[in-house]
Amino acid sequence: MDTKQERAIKLVLQERTRQNTLKAQGRFRYTCADAELSNAEKVCILVEEVGEVARAVLGQPERPLVMDQEGSKEELKREIVQVVAVGLAIVEGLL
């Protein structure tokens, strides 16, 4: 049986695979694991993903603070997984 931590790690690894697939398909030029991106560019990508988490939080249905987007628990989870996966890619690039 998977623990919540194991399921969370699995989601992050699936997202890293998705990022690499999108790069292979030509949708992304680089991932944050690639040396071609500067650390400043990688941080900008990470911050952009964090902004998407904030947007999902602000749109939560129980207390929406923005009206043009409705957030959900699933969307929030997806966005946070993307933040962690980008962070993982940055660490991969530093190894």
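**Exercise 1. Lys 77 and its partner**

Determine whether Lys 77 is buried, partly exposed or exposed in this predicted model, and find which residue forms a salt bridge with Lys 77.

*Solution.* 
Step 1. The relative accessibility of Lys 77 is 38%. Buried means under 20% and exposed means over 50%, so Lys 77 counts as partly exposed.
Step 2. The salt bridge partner of Lys 77 is Glu 74, with the closest N and O atoms 3.2 Å apart.
Step 3. Glu 74 has a relative accessibility of 47% and therefore also counts as partly exposed.
Step 4. Both residues belong to helix 3; because they are three residues apart there, about one helical turn separates them.

**Exercise 2. A salt bridge between a helix and a loop**

Identify which parts of the chain are tied together by the pair Lys 23 and Asp 34.

*Solution.* 
Step 1. The side chains of Lys 23 and Asp 34 meet in a salt bridge, with an N to O distance of 2.9 Å.
Step 2. Lys 23 is in helix 1, whereas Asp 34 is in the loop between helix 1 and helix 2 (39–58); the pair therefore ties together parts that are 11 residues apart in sequence.
Step 3. Lys 23 is partly exposed at 31% relative accessibility, while Asp 34 is buried with a relative accessible area of 14%.
Step 4. Searching the whole structure gives four salt bridges.

**Exercise 3. The surroundings of Arg 16**

Decide whether Arg 16 is buried or exposed, and list its contacts beyond its neighbours within four places in sequence.

*Solution.* 
Step 1. Arg 16 is part of helix 1, which spans residues 4–24.
Step 2. Its relative accessibility is 5%, so Arg 16 counts as buried.
Step 3. With the neighbours within four places set aside, Arg 16 is in contact with Thr 31, Ala 33, Ala 85, Leu 88, Ala 89 and Glu 92.

**Exercise 4. The packing of helix 1 and helix 3**

Describe how helix 1 is placed relative to helix 3, and which classes of residue make the contact.

*Solution.* 
Step 1. Two packed helices are described by the angle between their axes and by the distance between those axes.
Step 2. The axes of helix 1 and helix 3 (residues 73–94) come within 8 Å and cross at roughly 70 degrees.
Step 3. Angles of 65 to 115 degrees count as roughly perpendicular, so helix 1 is roughly perpendicular to helix 3.
Step 4. Among the contributing residues are Glu 15, Arg 16 and Arg 18 of helix 1, and Lys 77, Ala 85 and Glu 92 of helix 3.
Step 5. By class, this contact contains nine nonpolar, two polar and five charged residues.

**Exercise 5. The chain as a whole**

Summarise the secondary structure, burial and surface of the chain.

*Solution.* 
Step 1. The chain has three helices and zero strands, in the order α-α-α from the N terminus.
Step 2. Of the 95 residues, 27% are buried.
Step 3. Among contacts with a separation of 6 or more, 51% involve residues 24 or more positions apart.
Step 4. The chain exposes about 6,800 Å², of which carbon and sulfur atoms supply 59%.

Technical notes
Residues are numbered from 1 along each chain as its sequence is written. This is a predicted model: local features need pLDDT of at least 70, side-chain atom pairs count only at pLDDT 80 or more; totals for chains, interfaces and linings use all residues. Side-chain values use heavy atoms; hydrogens and water are left out. Helices (H or I, at least four residues) and strands (E, at least two) are DSSP runs, numbered from the N terminus. Buried means under 20% relative accessible area, exposed over 50%, partly exposed in between (1.4 Å probe, protein chains only). Contact means heavy atoms within 4.5 Å. Axes are lines fitted to C-alpha atoms, for helices over the stretch in contact, and angles run from 0 to 180 degrees between N-to-C directions. Angles under 35 degrees count as roughly parallel, over 145 as roughly antiparallel, 65 to 115 as roughly perpendicular and the rest as oblique. Ala, Val, Leu, Ile, Met, Phe, Trp, Tyr, Cys and Pro count as nonpolar, Asp, Glu, Lys and Arg as charged, and the others, Gly among them, as polar. Accessible areas come from the Shrake-Rupley method with a 1.4 Å probe; for residues, only the protein chains shown count as cover.
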